[in-house]
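This report goes through the folds of two chains, one part at a time. Keep the sequence and the picture at hand while reading.

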Amino acid sequence: MISLKVNKQSTLLAINVEGSIDEDASLPSLDFSGISHICFDFKELKLINSCGIRDWVNWLKAFPTSLKIEYTQCPPILIDQINMISGLLPQGGIVSSFYVPYFSEKEDDVVLQLFNKGQEVPEEIALPSGETVELDVIPEKYFKFLKQAA
Amino acid sequence: MRKHKEKFYLSQGNCAEKKTVFWGEDGSEENFFREQSFSFSHFLNKSSRFFSKYTTILQRIKTRPLNREFILNLWGHKAEDCHTFLVEDSQQKSSILQRVYELSAEYKKIKIHADDICLIIDELFTNLVYNAPNTGNNISRKETPEKLNSYLKLAPKYSQIFLSISENSLIIGAEDYFGSLSLKKLLHKMKLSFSGQSEDHFSDLSGGAGLGMRLIYDRCDGFILRINPKKYGMICLIIDITKRKNIKKVSSSFIVDQEEKDNE
């Protein structure tokens, strides 16, 4: 189930997206009066399936074209889909921050690191524990969205 | 040999030779698959790690249909360890996914695959509820749960989702007794997806836009279909868990065992 927490701040509409975007997601009509910028925070997004992608893309089509659309804290489950479906990040939209998976040999698990657009993404990073973890994506594939949004 | 007229196809991309190899019962079948198949460019830089199993699969298909037990056995899984979820209620997706997350936490080897597994099962569940019973019923995504449940009961048996975990691989599958899956339509929709045209069909609410199958396909190493039109359908996905998730994406095989003629 999706939960959208909408917060209007002057000309900005900030929306926290939580839960799953799927066939049960009810995407509301928004009031864009006085709004020039809409920012979606996806930190708490758990899943987006094909029905959800379809509904999301159709929902965005109803937004004013003059609106600046920004995605922040995008998890890999969303980045993967943005890379595959061009309309998921509308034309002119930007991904201002995104998570990148790094692989921890010690934990045999993935650690997500947040990066801002324009920030260099190193091949390896050191965790506070001292362990060095390695980038766990194929860069040409995972960072495709940066070219799209450029 | 199987008595009824069946079609079967195996495909495997070969990196070195830049071609896709098909085995079919006869030339016409082979051509059918070639014509209907989506762009195989995505196969070209992939060399399947499952090639050694192809001969066994081909021998099996010639004599008997593929089934869950055969596939589990071939990949070294024990049928008794397979987790099965009966799809009796259109609202049970969240409970199935919750159980899958619990299993992912239990089996450390698949923990990093948890998001992919859940997305695959989510897509399979959605297919079983909205698409499998769609044998002329024109099921809308806005149907009430009660109506959806009534459709689920129309088949001789309830559909199932299964998940099996071994040291080396994960097998995720779905079986339905409607037999409504059309290979021709499936391949056409996947072709749209691979050519970036799915978005053009997003406003069409009847059926999927091929995106779900594409999401599934992208996350597995082996994609096996068995289609017995108007009777039975099985989709079975193999995921290699011996390598790191995001580094291992080098191969994907596509295997179809289709009996009689395709649904239109």
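## Overall layout of chain A

Along the sequence, chain A follows the pattern β-β-β-α-β-α-β-β-β-β-β-α-α. That pattern holds four helices and nine strands. Helices (H or I, at least four residues) and strands (E, at least two) are DSSP runs, numbered from the N terminus. The radius of gyration of chain A is 16 Å, close to the 15 Å that the globule rule gives for 150 residues, so chain A is as compact as a globular protein of that length. This radius is taken over C-alpha atoms, and the globule rule is 2.2 Å times the number of residues to the power 0.38. The C-alpha trace of chain A spans about 50 × 30 × 25 Å along its principal axes.

The model is predicted: local features need pLDDT of at least 70, side-chain atom pairs count only at pLDDT 80 or more, and totals for chains, interfaces and linings use all residues. Residues are numbered from 1 along each chain as its sequence is written, while chains are lettered from A and ligands numbered from 1 in the order in which they are written.

## The five-stranded sheet

In chain A, five strands form an open sheet in the order E1-E2-E3-E4-E5, with mixed pairing. Two strands pair if DSSP finds at least two bridges between them. E1 (2–9) and E5 (94–95) of chain A stand at the edges with a single partner strand each, so one side of each has no neighbour in the sheet.

A:Tyr71 stands opposite A:Val95 in E5(A).

## The four-stranded sheet

Another open sheet of chain A has four strands in the order E7-E6-E9-E8, and its pairing is antiparallel. Here E7 and E8 (124–126) of chain A are the edge strands; each has a single partner, so one side of each is left without a neighbour in the sheet. On average, neighbouring strands of this sheet are turned by 40 degrees against each other, direction ignored.

Eight bridges join E6 (residues 97–104) of chain A to E7 (residues 109–116) of chain A in the antiparallel sense. A:Ser97 has A:Asn116 in E7(A) as its bridge partner. E6(A) and E7(A) form a hairpin with four residues between them, and A:Asp108 in the turn has a positive phi of about 55 degrees. E8(A) and E9 (residues 132–135) of chain A run antiparallel and are joined by three bridges. The bridge partner of A:Ile125 is A:Val133 in E9(A).

## Helix packing in chain B

H5 (residues 93–106) and H7 (residues 114–131) of chain B pack at an angle of about 155 degrees, with their axes 10 Å apart. That makes H5(B) roughly antiparallel to H7(B) (angles under 35 degrees count as roughly parallel, over 145 as roughly antiparallel, 65 to 115 as roughly perpendicular and the rest as oblique). Axes are lines fitted to C-alpha atoms, for helices over the stretch in contact, and angles run from 0 to 180 degrees between N-to-C directions.

The axes of H7(B) and H10 (residues 211–218) of chain B come within 9 Å and cross at roughly 150 degrees.
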